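This report is a first tour of one protein model. Look at the structure first, then read on.

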Amino acid sequence: MTSNTRVVVIGAGLAGVRLARRLGELGTPGTPGAPAVSVTLVGEEEHRPYNRVLLAEVLAGRYAPEVIALPAPAGLTRARVTGIDRAARTLECADGSAIAYDTLVLATGSNPVLPPLRGLFATDAVTGRRELPEGVHAFRTMDDCLSLSKAVRRGARAVVIGGGLLGVSAARALAARGAQVVLAQQGERLMERQLDPSASRLVRRHLTDLGVEVHTECRVRDVRCVGGAVRSVEMADGYALDADLVVLACGVHPRVGLAQDAGLAVHKGVLVDDELRTSDPHIRAIGDCAQHSGTVYGLATPALEQADALAELIAGDAGVRYTGTRAVTRLTLAGPEFLDLAAFGEPDPRPGDDVVQLADATRGTYRKVVVRDDRVVGGVLVGELGTVGALARAWEGAEPLPADGAPLLHLLTNDGGS
């Protein structure tokens, strides 16, 4: 790296903040061999950077917003970037200002998926823009969380559309606030991307115990409003659910508009190589917006690992490569009793795979590990997750298991330490 390199990072989420912090450490004046680097972190949200993973805990009332704030990085600039001039290596901002860069990093994250439901959008009479009706909320940003927190009240009728990780978290949080919650999932089971049927049934039972009414194989067709405010949602079979609040938890898609407009190679996400370089050698991408080796992760662990690798690359360690992340999905559901779950790898076995499965209906625990060619390739654990750390390490390391399988059985039956 040349001296006084200007690195500009668009996006002040987990990935962007981590990268800015690591670059600050690696480029600190006085550190032996450290290059001089000027880092500008550009974020458009008015809030202090925060851990998006914990928004459901804020909605549930367990944490105040400041509890999930990230350490404030130096060089944070509040601005909305509207364009990238690759030839001039400058960013164009909504306020008319420009920011020059030598290396640009896209950490723009993702946007919520807004399903094509009839009546979902209303047109503002003044601005002419399409807006969500009163009472209908996406659940992706701190503003979304605070708006929903302000609207929810004890006894409010809330419909959560989407039964993935985000929908389950939102339903649990709203139930904790005393709302009457209905969760509508189009698929045949909850969290079908992460869990097998047995684990999904345990999650459903837990939500039901919290008072959440769960409907699977249930497609919402229509959002009905009166006076600009939601009053009900209608299912595909014509059945209507009264609603004071509707939460859209239908997934996310990478935020790639800036990259597309700038002519960068984009598929599902911004395409990057093992150096997290886009089709422009002066622009990198990390986090939810990046697609590496065909994968858009959309998870915190890969975003942080990408940020760490890129910081070292920018700081001059040319040998560093990002080769992918074997991430574990974790979720804790609070209530009268906590329910912990973890999923990793391939929980659905292929023909010829070995499956070790233990279930205890009384304790509400379930453990399943898939082994292929003497290696752990995936698993699902629900309840009492003392074993998850060791199992995840066996999966991440891809080391062969001893032929007798005894260590694996010990891990599955041992509730102690991780």
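Buried means under 20% relative accessible area. By that cut-off, Gly-167, Val-168, Ser-169, Ala-170, Ala-171, Arg-172, Ala-173, Leu-174 and Ala-175 of helix 4 are buried. The model is a predicted one.

**The chain as a whole**

The protein chain has 9 helices and 27 strands. It holds 418 residues, and 48% of them count as buried. Consider contacts between residues at least 6 apart in sequence: 61% of these join residues at least 24 apart. The chain exposes about 19400 Å². Carbon and sulfur atoms supply 48% of that area.

Helix 4 runs over residues 165-176. It is mostly covered, with 9 of its 12 residues buried. Its end C-alpha atoms are 17 Å apart, which agrees with the 16 Å that 12 residues should span at 1.5 Å a residue. Gly-178 follows helix 4 and has a positive phi, near 90°.

Helix 5 covers residues 197-209. It has 13 residues and reaches 18 Å from its first C-alpha to its last, close to the 18 Å expected. Which residues of helix 5 are buried? They are Ala-199, Ser-200, Leu-202, Val-203, His-206 and Leu-207. These residues cover an arc of only 155° around the axis, so they sit on the same side of helix 5. Just after the helix, Gly-211 takes a positive phi of about 100°.

Helix 1 spans residues 14-26. Its 13 residues should span 18 Å, and its end C-alpha atoms are 18 Å apart, which agrees. Ala-15, Gly-16, Val-17, Leu-19, Ala-20, Arg-22 and Leu-23 are buried in helix 1. What covers them includes strand 1 (5-10), strand 2 (37-43), strand 7 (103-106) and helix 7.

**Salt bridges**

Side chains of opposite charge can pair when their charged atoms come close. A search of the whole structure finds 25 salt bridges.

| Pair | N to O distance |
|---|---|
| Arg-18 and Asp-308 | 2.8 Å |
| Lys-368 and Asp-196 | 3.1 Å |
| Arg-277 and Glu-275 | 2.8 Å |

Start with Arg-18 and Asp-308, which form a salt bridge. This pair links distant parts of the chain: Arg-18 is in helix 1 and Asp-308 is in helix 7 (residues 300-314), 290 residues apart. Arg-18 is partly exposed, with a relative accessible area of 23%.

Next come Lys-368 and Asp-196, whose side chains meet in a salt bridge. Lys-368 lies in strand 26 (residues 365-372), and Asp-196 lies in the loop between strand 13 (180-184) and helix 5, so the pair ties together parts 172 residues apart in sequence. Are these two partners buried or exposed? Lys-368 has a relative accessible area of 7%, so it is buried. Asp-196 has 2%, so it is buried too.

Arg-277 counts as partly exposed, at 22% relative accessibility. Elsewhere, shared partners build a network: salt bridges join Arg-18, Arg-21, Arg-22, Glu-25 and Asp-308.

**Two single residues**

Where is Gln-291? It is in strand 22 (residues 290-292). Gln-291 has a relative accessible area of 6%, so it is buried. Its side chain makes a polar contact with the side chain of His-267, at 3.5 Å. A polar atom of the Gln-291 side chain also lies 2.9 Å from the backbone nitrogen of Lys-268. Leaving aside residues up to four places away in sequence, Gln-291 touches His-267, Lys-268, Gly-269, Val-270, Leu-271, Val-272 and Val-296.

Leu-114 is in the loop between strand 8 (110-112) and strand 9 (122-123). At 35% relative accessibility, Leu-114 counts as partly exposed. Beyond residues up to four places away in sequence, Leu-114 touches Leu-120, Phe-121, Ala-138 and Leu-248. Leu-114 and Gly-251 are 137 residues apart in sequence, with their C-alpha atoms 8.4 Å apart in space.

Key: Residues numbered from 1 in each chain as written. Predicted model: local features only at pLDDT ≥ 70, side-chain atom pairs only at ≥ 80, totals over all residues. Heavy atoms only, no water. Helix = DSSP H or I, 4+ residues; strand = E, 2+ residues; numbered from the N terminus. Buried < 20%, exposed > 50% of the residue type's maximum accessible area, 1.4 Å probe, protein only. Polar contact = N/O pair within 3.5 Å; in protein donor to acceptor, adjacent residues only side chain to side chain. Contact = heavy atoms within 4.5 Å. Expected span 1.5 Å × (residues − 1). Areas by Shrake-Rupley, 256 points an atom, 1.4 Å probe, with all protein chains shown as cover. Salt bridge = Lys/Arg side-chain N within 4 Å of Asp/Glu carboxyl O. Arc of directions from axis to C-beta.
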